[in-house]
Amino acid sequence: MEEILKQLSYCVEMGKINKASPYPPSLKDQEGADELARKALDAGISPGVLLEEALIPAMTIVGNKFSRQEIFVPQMLMSAKAMSSAMAHLKPFFLSGETKRKGTFIIGTVTGDLHDIGKNLVAMMVEGGGWEVVDVGVDAGAVKFFNAISRHPDAIVGLSALLTTTMDNMKKIVEEIKSKDPARTILVGGAPVTMEFCQKIGADFYSPDPQGAVNYLNKLVS
Ligand code: B1M
């Protein structure tokens with residue numbers, strides 16, 4: 001089992017999506033993140049272990065390599081694609097929970113920010129926790145959130161930001177929503193976001209991970 005996790009992690013790190021993918025040439029004709037994630041689940045490895053012990057650590061390695069300029073945006077993008085191909089196999093597990101909806105959660109990555117892996121994970125876990133999820137995508141400004149709110153007036157809003165430069169956009173969106181709709185509950189998250197930042201910008205809650213978001217939402221309706 002450890003071997004599969006190691007291989008899977010390596011494929012995400014190297015950006016090897018699936019067997020058919022020619023990239024990277026060193027892994028040509030070998031299984032990729034797609035096949036290995038399926039294999040791992042079929043071997044009885046839990047989706048949580050797969051995520052925590054293979055996929056997320058691989059992306060951390062990728063981030064560190066990028067910081068050291070050992071890899072560049074195209075390689076980082078291949079890793080993201082490999083990660084997404086593995087995550088597609090996890091989705092049914094996260095969604096298999098409850099069917100009755102507890103409420104609606106609108107989620108998006110803020111203006112100027114294209115990172116969606118973390119947001120998608122939060123969306124999957126929240127949906128699996130019994131909530132209807134409305135995903136407004138990436139590079140989402142206040143208008144996109146207001147449009148979704150008008151269709152789902154009781155919804156709780158979640159904002160994700162992965163760049164220190166887009167945290168300011170998160171602040172602007174929170175301010176805009178709160179100025180027009182002070183009672184709207186807003187949850188924020190993403191690697192550079194902290195509880196202190198959350199309080200400073202007037203959001204209601206910060207969670208460092210998807211489970212914290214699920215727990216917070218569930219508390220609101222319990
Ligand atoms: Co980008 N990137 N990236 N990137 N990228 C980071 C974030 C970076 C830390 C890498 C580095 O330098 N070490 C760095 C940011 C530095 C900073 O601002 N301090 C960075 C940079 C600089 C950039 C570009 C500017 C690079 C360039 O063009 N020169 C550029 C910006 C593009 C843009 O957005 N406008 C860029 C581009 C990209 C790719 C497109 C190539 C790709 C994204 C593909 C995609 O998402 N579809 C990418 C990737 C893959 C990364 C890293 C390597 C991985 C991100 C990731 O998916 N992590 C990342 C380094 C790293 O994080 N180690 C990096 C895995 C994911 C599960 O974790 O997203 O943190 P995360 O989500 C977590 C939690 O944060 C939390 O739950 C999730 C699960 O635990 N969470 C929430 C997230 N949202 C939440 C919301 C909540 C609650 C919890 O409630 C609402």
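Let's start inside the fold, with I156: leaving out residues up to four places away in sequence, I156 touches T104, F105, I106, W131, T185, L217 and L220, where contact means heavy atoms within 4.5 Å. This is a predicted model, in which local features need pLDDT of at least 70, side-chain atom pairs count only at pLDDT 80 or more, and totals for chains, interfaces and linings use all residues. Residues are numbered from 1 along each chain as its sequence is written, and side-chain values use heavy atoms, with hydrogens and water left out.

Back to I156, which sits in strand 3 (residues 156-160). Helices (H or I, at least four residues) and strands (E, at least two) are DSSP runs, numbered from the N terminus. Is I156 buried or exposed? I156 counts as buried because its relative accessible area is 10%; buried means under 20%, exposed over 50%, and partly exposed in between, with a 1.4 Å probe and protein chains only. M167 is 11 residues from I156 in sequence, yet their C-alpha atoms are 20 Å apart in space.

You'll find D204 in the loop between helix 8 (195-201) and strand 5 (205-206). With a relative accessible area of 37%, D204 is partly exposed. Setting aside residues up to four places away in sequence, D204 touches K178, R184, T185, I186, C198 and Y216. D204 and L187 are 17 residues apart in sequence, but C-alpha to C-alpha they are 5.8 Å apart.

Which residue is the only protein donor of the cobalt atom of the ligand? That's H115, through NE2, at 2.2 Å. Donors here are N, O and S atoms within 2.8 Å of the metal (3.2 Å for Na, K and Ca), and water is not among the atoms, so sites may look incomplete. H115 belongs to the loop between strand 1 (104-110) and helix 5 (117-128).

Now for how the helices pack. Two packed helices are described by the angle between their axes and the distance between the axes. Axes are lines fitted to C-alpha atoms, for helices over the stretch in contact, and angles run from 0 to 180 degrees between N-to-C directions.

Take helix 1 and helix 2 to begin with: they pack at an angle of about 155 degrees, with axes 9 Å apart. That makes helix 1 roughly antiparallel to helix 2; angles under 35 degrees count as roughly parallel, over 145 as roughly antiparallel, 65 to 115 as roughly perpendicular, and the rest as oblique. Helix 1 passes helix 2 in a left-handed crossing, the name used if the near helix is turned anticlockwise from the far one by less than a right angle, with right-handed used if clockwise. On the helix 1 side, I4, Q7, L8, C11 and V12 meet A33, L36, A37, K39 and A40 of helix 2. By class, that contact has 8 nonpolar, 1 polar and 1 charged residues. Ala, Val, Leu, Ile, Met, Phe, Trp, Tyr, Cys and Pro count as nonpolar, Asp, Glu, Lys and Arg as charged, and the others, Gly among them, as polar.

Helix 1 also packs against helix 4 (residues 73-95), at an angle of about 140 degrees and with the axes 6 Å apart. That makes this pair oblique. L8, C11, V12, E13 and M14 of helix 1 make the contact with S79, A82, M83 and A86 of helix 4. These residues divide into 7 nonpolar, 1 polar and 1 charged. E13 of helix 1 counts as buried, at 18% relative accessibility. Beyond its neighbours within four places in sequence, E13 is in contact with A58, I61, V62, K65 and S79.

Another pair is helix 6 (residues 142-151) and helix 7 (residues 167-180), whose axes come within 9 Å and cross at roughly 40 degrees. Helix 6 is therefore oblique to helix 7, and their crossing is right-handed. A142, F145, F146 and I149 in helix 6 meet I173, E176, I177 and K180 in helix 7. The contact has 6 nonpolar, no polar and 2 charged residues.

Finally, some backbone details. Most residues other than glycine have a negative phi, and most peptide bonds are trans. Y23 and P24, however, are joined by a cis peptide bond, with omega about -10 degrees. P24 lies in the loop between helix 1 (2-14) and helix 2 (33-42). D29, in the loop between helix 1 and helix 2, has a positive phi near 70 degrees and counts as exposed at 53% relative accessibility. D139, in strand 2 (residues 132-140), has a positive phi near 50 degrees, and is partly exposed at 38%.
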